[in-house]
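Subject: Structure handover

Hello,

Here is the structure I promised to pass on to you. Please have a look at it alongside my notes below.

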Amino acid sequence: MIEASSHADPVGEREQADLKVSVVIPCLNEAENIEACVELARRTLDENGISGEVIVADNGSDDGSGELAAKAGAIVVEERRRGYGSAYQAGFAAARGDYIVMGDADLTYDFGDIPRFVAQLDAGADLVMGNRMDSIHPGAMPWLHRYVGNPLMTRFVNLLYRTGIRDIWCGMRGLRRDILPKLDLRGLGMEFAPEMVLRAKKLGLDVRQFEIEYHPRGGESKLSTFKDGWRGLRLLLVHSPTALFIVPGSVMLGVGAVAMVLFGFDVQILGRGWSLHSMIAAALLTIVGAQAISLGVSARTFGVLYLNEAPDTMFRLGSRIGLERGLGIGALLFLGGLVLAAGIVITWIDRGFGQLSEEKLMMAAAVLLIIGLQTIFTAFFISILGLRREDARS
Ligand SMILES: Nc1nc2c(ncn2[C@@H]2O[C@H](COP(=O)(O)OP(=O)(O)O)[C@@H](O)[C@H]2O)c(=O)[nH]1
Ligand SMILES: [Mg+2]
């Protein structure tokens, strides 16, 4: 295997090969199909006069796939860490072409499509996605994936990231190799597939798609519907602090705060008064909402500082406020709570430390005190996130 970290500048030497396309094929026990895949890829490159190489990233197959691939003319890279993403990372590290065309080792995709991907990349695309959804051959995709998993997940991705991509899991793609450092992909499993799309979109790259056909597989699928589905979903969520924290947090904070005011002033709703119990529930909702927003703002800051993400309104607002003003806002909220609490104590003293019934006001005071403190801690936490950045600049 070629070592990416070697100091002998092997990349420089290898670049001289002046290859246009590296076809990278991940392979885990695909003895039934791997030769045909490599041969077709190789033949397509040759027949279309595309200078290229075929790389098979063998993921520790024990059925002789690796040897078969090598015999069929592929460069075989060994990756022992299991996973679709790991296999691709190893294949990409060995690739020398300007472009990479990706595809499974199971004959579901047609390597005869390689020139179509190359044409889009030539025309300026950074990432080209296949879209199988309108050309799925009978028996090629289980109905759970075809009608439930895939469309739901794709819709969810587009809700969060507006990629416009119709088949987020599609395994046949083309990309410019020089975008890989920027993409900085980390997924070791199947989540590598959606990760690539959403990272490309977040970085504002030129992502295109066209229809391809999807054929039934030879050999057994390595995909595990629920495990891999969850890994994909998890990835989508953690890359979107807005969807994960800020939207639900704002809803909770908004509903909680309005409810507290209504309950606090004994406004009749649905023809009846709302007691202390509702006030407590509303107060807790407000606090959780504020907490979720704090986490969201912190996560957005992390994304901009360390994941190369574009600063959005939320981030700009946060950095405009800064540590000192953030502390100021927190202190004001805290002070507001303190004033309310002091009012309650004064009433109590006034009544000769007797019977007291200021529970609702006490809840309001507690909410202000807690959110005030939380704002102060969040302001500090965000400035901790910025420490490394500040150092790097000075
Ligand atoms: N799922 C999975 N696929 C792997 C792994 N390593 C390599 N692969 C290859 O990645 C490709 C995609 O897997 P596949 O079973 O076809 O998944 P599907 O296309 O989503 O049904 C195939 O060529 C596998 O041989 C691995 O650890 N897990
Ligand atoms: Mg497959």
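Predicted model: local features only at pLDDT ≥ 70, side-chain atom pairs only at ≥ 80, totals over all residues.

I began with helix 13, which covers residues 359–385. Its 27 residues span 38 Å from the first C-alpha to the last, close to the 39 Å expected at 1.5 Å a residue. Which residues of helix 13 are buried? They are Met363, Ala364, Ala365, Val367, Leu368, Ile371, Gly372, Thr375, Thr378, Ala379 and Ile382. In general, an α-helix has 3.6 residues a turn, so residues three or four places apart point the same way. The cover over the buried residues of helix 13 includes helix 10, helix 11 and helix 12 (313–350).

Next, the pairing of helix 12 with helix 13. Their axes come within 7 Å and cross at roughly 160°. Angles over 145 degrees count as roughly antiparallel, which makes helix 12 roughly antiparallel to helix 13. The crossing of these two helices is left-handed, and their contact has 22 nonpolar, eight polar and no charged residues.

Helix 10 (residues 241–264) and helix 11 (residues 276–306) are the other pair I looked at. Here the axes come within 7 Å and cross at roughly 150°, so helix 10 is roughly antiparallel to helix 11. Helix 10 passes helix 11 in a left-handed crossing. The contact between helix 10 and helix 11 has 21 nonpolar, 10 polar and one charged residues.

Best wishes

How values were computed:
Residues numbered from 1 in each chain as written. Chains lettered and ligands numbered in written order. Axes fitted to C-alpha atoms, helices over the stretch in contact; angles between N-to-C directions. Helix = DSSP H or I, 4+ residues; strand = E, 2+ residues; numbered from the N terminus. Parallel < 35°, antiparallel > 145°, perpendicular 65-115°, else oblique. Left-handed = near helix turned anticlockwise from the far one by under 90°. Nonpolar A, V, L, I, M, F, W, Y, C, P; charged D, E, K, R; others polar. Expected span 1.5 Å × (residues − 1). Buried ≥ 20, exposed ≤ 12 C-beta atoms within 10 Å, placed from the backbone. Contact = placed C-beta atoms within 7 Å.
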